[in-house]
Amino acid sequence: MTFAPGAPPAAAASDDHALAAWLATVAGERLLEVRAEGLEGRELKDAGDRAAHELLMELLAEHRPGDAVLSEEGKDDKARLTNSRVWIVDPLDGTREFSEVPRDDWAVHVALWQDGDLTAGAVALPAQGETFDTGRPPVVPPTTAARPRIAVSRSRPPEFVHGLAEEIDAELVPMGSAGVKVISVARDITDAYVHAGGQYEWDSAAPVAVARAAGLFTSRIDGSALEYNQDDVYLPDLIVCRPELAERILEFVLRHGIE
């Protein structure tokens, strides 16, 4: 059966925030269909990656034909480096979690880089039925935790984060997709996401765009700016946190490094 997304909202014709939210949402709907087809393991992972990538490429070509696209699942066309508008997408972030039905900590990332910086983005959490975007950024509530909570990778949390947690008396909260971890800060599920184990632009572009729109602090692990649409798309580390935690986290990294 051929998947046929409904028409985008009228605003998406000229509003990149609305388009990003729609794209992430419909790609998520496609992934839920793939997940229901009875595939398992590597076959399910590959089918999900392929289906979401093909749908996003098709829809971007239709609705923003002059823009470049950088996708985790596509060939990197360096023509993007001379284009003023580049969509940076991860069609399925958290492929492992996607294949472990019924886990819900996987995501779809759609971001727009324009003239030097991220200008729009959306993170869909399809199995949770939610999409977070820069047009309607989440309102971050005051923390409900007695001590800071740091989102970390389920499988490979950076070693230095254990020392950071001890220093600031934080709890480590393992979860899947990078998008899920970043959005967990905006949702008061955690208070920070600190990563230094290796990522690429598509892993963080959309989540960072949404986090910035929500008023959260974002940077590289050394406090420098996160830069996108670079020739080398390797972007191995980041911090996303409540603004009041940023100085303590950066100061710890400055003193101890990330070894």
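Where does D188 lie? D188 sits in the loop between helix 5 (178–186) and strand 8 (192–195). Helices (H or I, at least four residues) and strands (E, at least two) are DSSP runs, numbered from the N terminus.

This is a predicted model, in which local features need pLDDT of at least 70, side-chain atom pairs count only at pLDDT 80 or more, and totals for chains, interfaces and linings use all residues. Residues are numbered from 1 along each chain as its sequence is written, and side-chain values use heavy atoms, with hydrogens and water left out.

**Loop residues**

D188 is not a glycine, yet its phi is positive. N229 also has a positive phi and is not a glycine. N229 belongs to the loop between strand 9 (217–219) and strand 10 (238–241). Here are the values for both residues.

| Residue | Phi | Relative accessibility |
|---|---|---|
| D188 | about 60 degrees | 10% |
| N229 | about 55 degrees | 5% |

Are these residues buried or exposed? D188 counts as buried, and N229 is buried. Buried means under 20% relative accessible area, exposed over 50%, and partly exposed in between (1.4 Å probe, protein chains only).

Another loop joins the list. P102 lies between helix 3 (95–99) and strand 3 (107–114). The peptide bond from V101 to P102 is cis, and its omega is near 10 degrees.

**Two packed helices**

Two packed helices are described by the angle between their axes and the distance between the axes. Helix 4 (residues 160–167) packs with helix 7 (residues 243–256) at an angle of about 125 degrees. Their axes are 11 Å apart. Helix 4 is therefore oblique to helix 7. Axes are lines fitted to C-alpha atoms, for helices over the stretch in contact, and angles run from 0 to 180 degrees between N-to-C directions. Angles under 35 degrees count as roughly parallel, over 145 as roughly antiparallel, 65 to 115 as roughly perpendicular and the rest as oblique.

Which residues of helix 4 meet helix 7? They are F160, G163, L164 and E167. On helix 7, the partners are I249, E251, F252, V253, R255 and H256. By class, this contact has five nonpolar, two polar and three charged residues. Ala, Val, Leu, Ile, Met, Phe, Trp, Tyr, Cys and Pro count as nonpolar, Asp, Glu, Lys and Arg as charged, and the others, Gly among them, as polar.

**Around K45**

K45 is in helix 2 (residues 41–63). K45 touches L92, T95, R96 and S99, leaving aside residues up to four places away in sequence. Contact means heavy atoms within 4.5 Å.
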